[in-house]
Amino acid sequence: EVMVEKGSMNVNQSTWKKTVEFDEVLNPDNTERYFLFTGGRGGGKSHDVAEAVIKATFETGIGVLFARYYATSVSTSLSPVLMASAERLGLSKHFTLTNDKIVNNSTGSFILLMGLHESGGTSSGKKSIGGINMVVLEEAEDLDGGVQWSRFDKLDDSIRSVLKQNRICLVLNPKNRNGEVYKNFIEHNFEVESFHGYPVEICNRTDVKHIHQTFHHILPYLDSGWLAKEQRAKIKAELTLLQGIGSCQKKKC
């Protein structure tokens, strides 16, 4: 366990544990623009991502766009997970929440909440999009068509700060190889790695850091019946992936 002191960021006497892989997004040594955070059900992605986003705001000058493609009510679908993370970390007193924005009062950094489907993925949908240098798109598997990807692409083009590192973070449970995230980031650019017996295609593009996380790191908190079901899903997933890789090699992808 690594303890990170945040006293220098106006969090008096506050510490937190760096225990999740998604914290790598906050590592200044990782200068990639794109971060893929993948994993199946029960991997704790939403929990880990929310904590990392809360931590990010303790640096001055940070603007985070926290979004889902489909989020009809950001106040009920997005803000609760973030504020719950702030509470777990003992940091909720530093934040002010409005309908679509969470502000860190200690640093002035903020989290803007958005549904890309509602806004069209452009700054015209949100006047406050200025100052964004970090995008976190949860459930990015919903970018499964040309229209959806076009909206994300417009948003990607608008993140071009010269004052801070720009980070585009896509969080997803990949459903199949037809999704736009797979086609644009992983297809033709991957290596197969094993995670607790799961073969996973990991993107190896130089501008992408691909972080994959399974349910194994939170095993004590998972129901035994759920784990048995997950084991059956693992076997099915392995067969599907191996068949897909074999087909791709025959076609010389």
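**Helix packing and sheet layout in a predicted model**

Trainee: This is a predicted model, so let's start with the helices: at what angle do α1 (residues 45-56) and α3 (residues 79-88) pack?

Mentor: Two packed helices are described by the angle between their axes and the distance between the axes. Here the axes of α1 and α3 lie 8 Å apart, and the angle comes to about 70 degrees.

Trainee: What do we call that arrangement of α1 and α3?

Mentor: The class for 65 to 115 degrees is the one to check. With an angle of about 70 degrees, α1 therefore counts as roughly perpendicular to α3.

Trainee: How do the residues in the contact of α1 with α3 divide?

Mentor: On the α1 side you'll find Ser46, His47, Ala50, Glu51, Val53 and Ile54. They meet Val81, Leu82, Ser85, Ala86 and Arg88 in α3. By type, that contact splits into six nonpolar, three polar and two charged.

Trainee: On to the open sheet: which strands stand at the edges?

Mentor: The eight strands run in the order β5-β6-β7-β4-β8-β9-β3-β12, and the pairing is mixed. An edge strand has a single partner, so one of its sides has no neighbour in the sheet. That singles out β5 (95-97) and β12 (208-212).

Key
Residues numbered from 1 in each chain as written. Predicted model: local features only at pLDDT ≥ 70, side-chain atom pairs only at ≥ 80, totals over all residues. Heavy atoms only, no water. Axes fitted to C-alpha atoms, helices over the stretch in contact; angles between N-to-C directions. Helix = DSSP H or I, 4+ residues; strand = E, 2+ residues; numbered from the N terminus. Parallel < 35°, antiparallel > 145°, perpendicular 65-115°, else oblique. Contact = heavy atoms within 4.5 Å. Nonpolar A, V, L, I, M, F, W, Y, C, P; charged D, E, K, R; others polar. Pairing = 2+ DSSP bridges.
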